[in-house]
Every structure is written in structure tokens, then in C-alpha cells.
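Reader: Hi! Could you walk me through this one? I'd like to begin with the ligand.

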Amino acid sequence: MPDSNVKARCNLFAVLRGIEYLVENDSDCKDLVAGVNLAIQFNVSGGPSGNLSFKDGRAEMKSGKHKSNIVLYFSSPEHFNKMIDGKANPIPLKGLHRLGFLSGPFMKLADKLNYYLRPEGELLFNPEYFRINTELTAYTAFFALAEIGNYDPLGMMSGSHIPDGILQIKVDDGIGIYLEVRNGKMNCVKGHHEDPRAILSFSSLESAHKLLNGQLDTFTGLGSGEMCMRGFIPMLDNMNPILDLVPQYLS
Amino acid sequence: MEETITNKLYTNKKSMEIFQRGLKVLPAGIPGHLGPVQSQFIPTSAYPLYATRAKNSYFWDVDGNRYIDYMCAYGPNVLGYNNELVDNAAMEQFKNGNCMPLPGIAQVELAELLCDTITIADWSFFMKNGGDATGFAKMVAHAATGRDKVVMIEGGYHGVTPWTQSLTHAGITPADVENNLIIKWNDAAAFQRVVDENPGQIAAFISTPYDHRVFADNVLPSDGYWQKIRQICDDNGIVLIIDDVRCGFRLDTAGSAEYFGFKPDLACYCKALANGYNISAVVGRDSLKDAAAKVFYTGSYWSSAAPMAAAIACINELKRIDGAKVMIEKGKKLTSGLVEAAKDAGITLKISGIPSMFFMRITNDDSLMMQQEFCAECAKRGVFFVSHHNHFINCSLTDEDIRDTVEIAAEAFRITAQNNIDRLNR
Ligand SMILES: Cc1ncc(COP(=O)(O)O)c(C=O)c1O
């Protein structure tokens, strides 16, 4: 059973974080935040706090409480999760005069997240859509994985067995994400680390897409050469059960 | 042997073709520990995936490549693949009858032989796999004590039945593992603590004779460790189970517990018992014979006679040649050659565990990437090592095999060193 607090963390720090990627990769989204300079604080009672800021055409999600122009309050993790599902509204506590940003550009960004994370019809046949869908799904999945590994009881059990070090996940000649693991706690970072202790790589974005969408299992991927792992394998062995929990939280 | 080492690198075209077929019809392509993922074949393309035949210390793959093998099928190859003494004994029994409505005489003969051979054995019970043996031993302990809990060592391996696995593994439920109490290896004080915290509730302490876990240097018992464990078990009515499935007959023919100077109540055997024929066994002390008789535990093939005949031939031969000593000596010779070859290439190779089951690790790099490269280079040249697991020596390994292995390893170390100058300079 997904824990609603962990789900709220995934929604905030993995799903909403996707906006960082969108404003870099989708021209409509880029336009939506051009010249916007503000920060939204999300405070979930009994759950996480996070701050999404826009500046110089870029977006950044940080955990905790930071300077903000708009403060949104949620009475519970369930309340926040319902907002993400489009079934509830936040309670604005500050920045009422900036609410136009929320009902306008922010809603459009949220719609775009949905558009890219839930492919419909033939969208995936468009190579650019395919790329954004896969990369965004990958970032979302691994940022969620870190939350699950740090906060879900079963995830923490696996997490506690991941040896310390850098676990790099990457697409050959493509994007990279790595987990910094120390004492069973993990932090997810975008990019390529220079000295990973273990590497899980995909030969192509297509292979990554298949794994993330349940069309390729790890054993087949590794056997067929679509995936490759090397380095200190206990890191990957103990990450995999957490990856298996991700769909429960990102449904 | 007709083949000698060559400079040509092996390729695995046919293996890969067959594997592609396997992937379609078998989960994971090759299920279980022989699959390329579980075997840590990194990269998969450097390794053979299907064998066609084996003899002594060699196996041949479907591409016709010959390997000097240090995995010994993960232990069962103890006298040499297709050892004639063992095969003849098995064939003889196969001809007369194998799986019958009654056991063969071999059942009694094998039990007698084990009782004569293994110090603590007053009786034997036969099954097929190591996991059958550990499961039976645990049931006997529950039956004898009426208690629920079992103390186990973190990182230990006792098979794949749910109670032996971690809750984080696919298919395991909390109820499967709720009676397991996990402590660290070599920590008798921790054992005393869990015993104090669970008074009258612990049925058994189960452990391998030493810590031969995967991915880490293997660790022998510290001085007095086993004697302390024995004492705590005695003081608290706990059954001491030794899982000798992997070490059995490679440390001491009389039992690995004998090697470390203590006496367990039950010992589990499998791998080296019959040189590859499918049989495992639990042996035990008289005091537990009653409980063992009460536990209902059996299987379609467990009483088959041919593997028992094979086991008799295998154990008699191991005793005749003092197999454990032979393998330990060969292991020492091989590992000292490997350490030297590594040193010549500027690499530090650490050997741990008992030489007949040595674990090796390149210590210049904590990511195992150099180790994986080294093993892959060896595989491409006909020496079969794995990067994560202890290796196995068998009695048929020759001085020439050791010499050829060290020569190939030297080249693999040189290549690995060249590719990892940055790591070596760190
Ligand atoms: C120590 C130990 N116990 C139990 C087992 C399980 O044996 P099997 O795979 O025959 O069930 C193994 C197998 O590797 C082992 O090494």
C-alpha cells in the first residue's frame, strides 16, 4: 500500500520537479516562464515542504522552506495528492495578487506535465515527443525512487542495504541521473558523475523507454545488450526492488 | 589435452544465438544462478552461456571454446568432471534401477558411509538440493524444540526457499521471514544478546562454517568464535546447524566443523557429495534422530538409487586421496601464482577464504570494475572466473592447468592495468 506521505513527496519532488525539465526542453513551457521571477512554496501539513522557483527562464525545485511570493497550504498529504490528480485546490496563504500565475502559466505547465507523462494516441511516434516523454519519465522515476528509498518502509529496507557510493544511471550518449548513497540514504542528481561505483546504462533511449514502461525486464535487457551493468552490483541489486515500487507511487 | 592456450580471443556467437531463443521462452533467458545476470557476466558478450561437455577441470561451450573452470558448477565438481569411478558407479546403478518404488540398498550403504566419515553423524537423511537440506534441518530443530525462531547470519546463503530470503526480494512476504533473527558474522556477543532478548523462543542457530558471502572478502571464524556459539546453544537448548552445502568436503572430509574444532548438532551437505549427481543430505546427532523421523519431508526423486551409488564412489575416492587436503594445496599454489601475476602488473589481488574455495578481489578499486574487466579478459582467453563469488578447486586440477591459468591471468592483469591507469594512480 503506498503511503500517502511518501506519495506526496514523490508528487512534489519527482512529478512537480518535472517542470524544471519542461522549461528547458519544451518551447511552449519556455515561453510561459520567460521573464517570470517568482517562487511558490508548497507546505503540506504532516508532509513535505518544497519550493519551486522561476528565474531567468529556468525552474528549480528545492526541498524545505525558502523565500517565496506565493505560499500554498495543504491540510494533509492526501489533500496535496488530490491537487496533483486535479481533484482538489490548494489553500493560498500568501501572494493572493500573484494567483494569476497559478491559474494561468502554472496550470499550463501542469497540463504539459500531464501531456508528456501520459502519452495518448500516436504521440509517441513523434521523435521529439518520444524523447521528452522518456527523459521526463526517467527523471521522475528516479527522483521518486530516492523518496521511496528514503521514506517508504520497504524501500528503506532495500535502501539500507545499498552500499555507499555513486550509482549512475544513464543512456549511452544521452541523459544521466545518479544517486548519491550514504548510510542507506539517497539523493538523486541529474547528470553524469565522474567516478561512479556502479553504472546501469541503456544502449538507447528506446531501451530506457521500454524498461520504464514495463515492456522490458532487467534480465532480458541485460541479456540482450539493451542494458548493461557494471561496478559494485550490490548497489544495483538493492536499488532494483525500490525501482519496482515506483509504479505504486506514480500511478 | 589436445588444446593448449592460444592467442586467439574467444567469441560466443552460438551462445548468444541460443540465448536469444532462450529469452523468448524462459524467464530471464537462463533462469537461476547460471544466468548471465546472476553470474555477473560483465559484459555478457565476453562469456560463454551454454556448455556442451566437460571433463576434469575443463568445459567446452557451444562455440567450441575450452575453459579451465574455477566455478566447478558452483561446487559439485569436486573430483573432476565426468570422473570415471563415480560415473561407472552411477551407470551401474542406473542399469539396475534408479527411481523405483523402494529405495536401493545404496541408501543404507551411503548412510553408513557418512556416519563413518563425518564426525558428528549418527544418522543421515537424503534429499536433492542444498535448500532441501537446510529446510529439513530447520524443521528438525523446530520439531525438537517446539520453538519458532531461528538465528541467521547477515549475508549468509542457505538456498532460495522463502525463509532464507530477504523481505525485499520479489515474492517474499513478511510472514515468510518473521521468525528470522539476523546477526552479524563473528559476533558471539550479538548471539548472546538475541538469545537473552528471546528467551525460550529460539529453535536454531544456522550458519555456514565461515563467512563465504558474495561480493566481499570471505572471513574465517575468529579464535574461539565457534566454541562460544556452541556454548550458548548448549546453555539455551538451541540446535546448532552447520550449512556445509558449499564447504563440505573441501575443508575436511570429516566435516568443516571438524576443521574449525567444534561439533554442530546437524550438518547440511550437497555440492561435493556426489561429483555432480543430484543428492543432498542432512546428518545429525543421535539426540535429534527422533525428531528427524517425525518430520514429514520427502520428494519424488529423493530415494533414487543412482545418485546414492555415485555419492558412495565419490566419498570413498575423496577419502582415499584426502581430497580436501589436495584441493587446499592446489588452491594455495594457484592463488599465490595469481597474486604474483597481479603484482607484476601493478595490481593488488587479495585472496580470502580457504584456498580450496578462495575468493579473490582486486583491491585497487572498490567499484569491482577492474575485477570485472579482469574476469572478462580471462574468459576471452579460456579461464573461467567470476567477479562476485568464491571460486572452487577440484581434485583433478593439474600443475599445467595452474601454470596456464596464471599465464592467462598475467595477460589479463596487464590489460586491466593498462585500461585503468587512473585508478592505479589514485
Ligand atoms: C551455503 C549454501 N547453502 C545452501 C545452498 C543451496 O543449495 P541448492 O542451490 O542446492 O539448493 C547453497 C548453494 O549455493 C550454499 O552455497
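Author: Happy to. In this predicted model, an oxygen atom of the ligand is 2.8 Å from an N or O atom in the side chain of B:Arg246. That is a polar contact, meaning a pair of N or O atoms within 3.5 Å; within protein, one must be able to donate a hydrogen and the other to accept it, and residues adjacent in sequence count only if both atoms are side-chain atoms.

Reader: And what does B:Lys271 do with the ligand?

Author: B:Lys271 places a polar side-chain atom 3.0 Å from an oxygen atom of the ligand. For a nitrogen atom of the ligand, there is an N or O atom in the side chain of B:Asp243 at 2.6 Å.

Reader: How much of the ligand's accessible area does the protein cover?

Author: On its own the ligand has 390 Å² of accessible area, and the protein covers 85% of that. These areas come from the Shrake-Rupley method with a 1.4 Å probe; for residues, only the protein chains shown count as cover.

Reader: Nice. How many residues surround it, and of what class?

Author: The ligand is surrounded by 13 residues, with B:Gly130, B:Gly131, B:Asp243, B:Arg246 and B:Lys271 the closest. To be counted, a residue needs a heavy atom within 4 Å of the ligand. By class, that shell holds three nonpolar, seven polar and three charged residues. Here Ala, Val, Leu, Ile, Met, Phe, Trp, Tyr, Cys and Pro are nonpolar, Asp, Glu, Lys and Arg are charged, and the others, Gly among them, are polar.

Reader: Before we move on, what should I know about the numbering and the confidence limits?

Author: Residues are numbered from 1 along each chain as its sequence is written, while chains are lettered from A and ligands numbered from 1 in the order in which they are written. In this predicted model local features need pLDDT of at least 70, side-chain atom pairs count only at pLDDT 80 or more, and totals for chains, interfaces and linings use all residues, with side-chain values using heavy atoms and leaving out hydrogens and water.

Reader: OK, chain A against chain B. How much area do they bury?

Author: About 1,800 Å² between them, 65% of it on carbon and sulfur atoms. Buried area is the accessible area (1.4 Å probe) that two parts lose on being put together, summed over both. A:Arg197, A:Phe219 and A:Gly223 supply 26% of what chain A buries there, more than any other three residues.

Reader: Which salt bridges cross over?

Author: The rule, a side-chain nitrogen of Lys or Arg within 4 Å of a carboxyl oxygen of Asp or Glu, finds two across this interface. One of them joins A:Asp195 to B:Arg426, with the closest N and O atoms 3.6 Å apart.

Reader: And how many over all chains?

Author: The count is 30. Among them is A:Arg9 with A:Glu147, at 2.7 Å from N to O. These two are 138 residues apart, A:Arg9 in helix α1 (residues 4-15) and A:Glu147 in helix α6 (residues 127-151) of chain A. Helices (H or I, at least four residues) and strands (E, at least two) are DSSP runs, numbered from the N terminus.

Reader: Last one: where is the cis peptide bond?

Author: From B:Ile42 to B:Pro43, with omega near -5°. B:Pro43 sits in the loop between α1 (13-25) and β1 (51-55) of chain B.
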